[in-house]
Amino acid sequence: MPYSRLNRLAAIAPLAALVAGCVAVVNYQSPIGPRYGAAPATRATAALSEAAGLPRAGRSLRVVTFNVQWGEHIERAINVLTTRAPLPEADIVVLQEMDADGTRRIAEALGMGWVYYPAAVHPKKGRDFGNAILSRWPIVADRKLMLPHIGGLRHAQRIATAATVMVGQTPVRVYSAHLGTPSDIRPAKRRDQADAIMADAATYAFVIIAGDMNSHGIGKEFVANGFHWPTEHNGFTTAVFNWDHVFLKGFAAPLPDRKFTGIVRDTLGTSDHDPVWAVAQLP
């Protein structure tokens, strides 16, 4: 390498390190935590849920995924989730870009149990940044799933929050996912992240994977592994991209004569993503 080029590299290296230090996240590198969660304050059981007119085993589950940008506008998010049809009918809600307090507030407003794992402390807001699962049905097990490939721009760790939800006597494995952004990782690495989630889900008969995939084409990876993709033909969910999706395994194929997915647009400026819903039909 020419000497002059070496000099230039030596001169810019400290500046590059300083810039990288300013934007890098602080990752939670333990696969077991931090962990936050609670059962609903009412201690609702599946029997109570049935009495309230909520779905029974053998019927449908309404799933909602919502990236609440930076977990900032929690009261607005609660307003949207409790008033914008059909979101108040949700049985399972998965959230991204959340912290524990915001997750707790939304779960309490919805009367749901919840579990939340942060992936990192994000430098832009200086607080936890991670994924949550909320459920009207009992959450009987959960874990933090570390996803491969640290992001290239901010060196951010990505995770999926996983939970086993008992719908009557039927265990349903649910994942709240937030895959790496196009600026952070290549499509092949994003496929690796999706594959890691599906590998964890392989032993479960009924699986729901939902969240901000930062990609539309990643859906082909799920379809190739036997998942239904009800949100494939939705419109944009952020800016001009259809990035927020629900994938289902083991559930009945969506009925063509019924509306089984949609997007809620009237979100009060809560986020740069719109909430997406889909119906999962148990056999």
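**Close-up 1. Leu179 in the loop between strand S9 and helix H5 of a predicted model.** Leu179 lies in the loop that joins strand S9 (170-178) to helix H5 (187-200); helices (H or I, at least four residues) and strands (E, at least two) are DSSP runs, numbered from the N terminus. With a relative accessibility of 0%, Leu179 counts as buried, a term for residues under 20% relative accessible area (1.4 Å probe, protein chains only). Leaving aside residues up to four places away in sequence, Leu179 touches Leu147, Arg158, Arg190, Gln193, Ala194, Ile197, Asp212, Met213, Asn214 and Ile218, where contact means heavy atoms within 4.5 Å. Gln157 stands 22 residues from Leu179 in sequence, and their C-alpha atoms are 9.7 Å apart in space.

**Close-up 2. The buried residues of helix H4.** In H4 (residues 100-110), Ala100, Gly102, Thr103, Ile106, Ala107 and Leu110 are buried. These residues lie on the same side of H4 because they cover an arc of only 165° around the axis, the arc being that of the directions from the helix axis to the C-beta atoms. An α-helix has 3.6 residues a turn, so residues three or four places apart point the same way. The packing partners of the buried H4 residues are strand S2 (36-38), helix H3 (74-83), strand S4 (92-98), strand S5 (113-122) and strand S6 (127-135). After H4 comes Gly111, with a positive phi near 70°.

**Close-up 3. The largest cavity.** The structure holds 2 cavities of 30 Å³ or more; a cavity is a set of points on a 1 Å grid over the protein atoms alone where a 1.4 Å probe fits but cannot get out. Grid points are joined across faces, edges and corners, and a volume is the space filled by probe spheres set on the points. The largest cavity contains about 40 Å³ of space. Its lining residues (an atom within 4 Å of a point) are Glu97, Ala119, Phe129, Gly130, Asn131, Arg158, Ile159 and His178. S6 gives the most to this lining, with 3 residues.

**Close-up 4. The second largest cavity.** This cavity contains about 30 Å³ of space and is lined by Trp70, His122, Lys125, Arg127, Asp128 and Phe129. Here too S6 gives the most to the lining, with 3 residues.

**Notes.** Residues are numbered from 1 along each chain as its sequence is written, and side-chain values use heavy atoms, leaving out hydrogens and water. In this predicted model, local features need pLDDT of at least 70 and side-chain atom pairs count only at pLDDT 80 or more, while totals for chains, interfaces and linings use all residues.

Terms used. Buried < 20%, exposed > 50% of the residue type's maximum accessible area, 1.4 Å probe, protein only. 1 Å grid on protein atoms, 1.4 Å probe; cavity = no way out; pocket = protein on both sides within 12 Å on 5 of 7 lines; lining within 4 Å.
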